[in-house]
Amino acid sequence: MTVLNRRAKPANGLREAEKGSYPFSRCDPNTRCSLQPDARTPVNYTDDMLLRGRAIITMDADLGDFAKGDIHVQGKHIVEVGRDLRAAAGAEVIDAVGTILIPGFVDCHRHSWSATFRQIIPDGLIANYMATTHQGFGPYYRPHDMYVGNFITALGCINAGITCVIDNSHNSRSAAHSDAAIEALFDSGIRGVHASGPPQFGTWDKQLPADWARLQKKYFTSDDQLVTLRAFGAANRENWALARSLGLKIHADGISSELVEAFAKEKLLGPDFTFNHASGLTDAAWRLVRETGCNVDVCTRCDSQYGLGTGASAGVGGFQKALDFGVQPGFSVDNETSYSTDMFGEMRAAFFIQRALATNRRVNKDPDAPAPVTVRQVLQCATVNGARCAALLDKCGTLTPGKEADIVMIRADGMNVYPLNNALGTVVQAADVGNVDTVIIGGAIRKRRGALVGVDMQRFRQLVDESRSYLFGKANYTLDILS
């Protein structure tokens, strides 16, 4: 494998970390947006940076937390976390006093392409979701629209402090659609895992799963880049064998108890496999998930919103069952067609629903009533466990020296959180996207002082509006924002 340093370019010519490339001009909507030199805006990027702050939640049990501490970053790596660190000559010193420093959030499962239709069905159930996305707008997507959807998602994630997202991509109707989705992730500057899978409705080129090899060769020739590749789709023996022959991790949008048992017998399950939801597995299947080391992410809001599984994954479904069987789950937003993009909402939904149902079971004399989750457990799901699901725990998930610098600075002096009395409680229970001051991904500052770096919002809106108008027209849909 070619090793990429942080100022090198991947073979396809897309810049990896030191530039933010936002293709707002001269896009060909019939193919995809291509990079335009005049649209590139440099991102603040320094070889030496010291975040001089207050509270640091490292999520590293050996390192511990700091009521007042600093983080030293060189290049893209954290080199030291401690108290009263000294800045080297020429280092950029960032005043983080009055903030809480945490590892970047990891969203384990997002259908990024559909972000153009944020909150379009706020009361929708699963049939409404399917009719709106897969059966509705999905078949009309051009590669350009795939790019726009992924770009919206990636920038929204960065803005919300989500530094890593697993893009569960299931609307790539051609190789060009996959290319566009991947290039949007590269261009945004996010740490992304593109999990490439087939559409679920309508006509397409049937290029997957064979196209995984082409994508790997074109975009993923390095072990040292922000965007990585994995396979995505329904549980399928042949597809999984192909993915593993290419060295790809595997992601599935749910799996039945019957398949868990069958695949476990065939030794097809393991730590290279992550699946979403897990809200309807039997106890026997959960034991096999634990024994085989599979990774699970749960979607508390999605399951409640769309009535999936038990509808209460945080209390009796995926989240609670994972905790019951000693499986450490990640969190995922799933999609934005009904609710917000942020991990704060996901953490709070999991926290309160689990505690409500745990209390209910205890009040009703259930001898197996679980203990209520803590804010630290919930934050671990949103950071450490998510990085494990993404197979990136060696790079992110904790503020550990040697890992890459994926750091989120949350202001603790705003009206909704001041005065600061408990850092963990503030992050999980009170903070929101408006408190996310600075976001650093792989050592590059992507959000500073509350604003995304290098994003021209007027051009961004033009890009989104064109794509949405095209799709509305093709689907003969009339927007009513008060419906």
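Helix α6 has buried residues, and α5 (237-245) and α7 (283-292) are among the elements that cover them. Contact here means heavy atoms within 4.5 Å. Helices (H or I, at least four residues) and strands (E, at least two) are DSSP runs, numbered from the N terminus. This is a predicted model: local features need pLDDT of at least 70, side-chain atom pairs count only at pLDDT 80 or more, and totals for chains, interfaces and linings use all residues. Residues are numbered from 1 along each chain as its sequence is written, and side-chain values use heavy atoms, with hydrogens and water left out.

Which residues of α6 (residues 257-265) are buried? They are S257, V260, F263 and A264. Buried means under 20% relative accessible area, exposed over 50% (1.4 Å probe, protein chains only). The four lie on the same side of α6 because they cover an arc of only 135° around the axis, taken from the directions from the helix axis to the C-beta atoms. E258 and K265 are exposed on the other side of α6. Just after α6, K267 has a positive phi of about 55°.

Now the pockets. On a 1 Å grid over the protein atoms alone, a pocket is an open set of points where a 1.4 Å probe fits, with protein on both sides within 12 Å along at least five of seven lines; lining residues have an atom within 4 Å of a point. The largest pocket is lined by 18 residues, with D223, T228, L229, G247 and K249 nearest its centre. Strand β10 (residues 227-232) gives the most to this lining, three residues.
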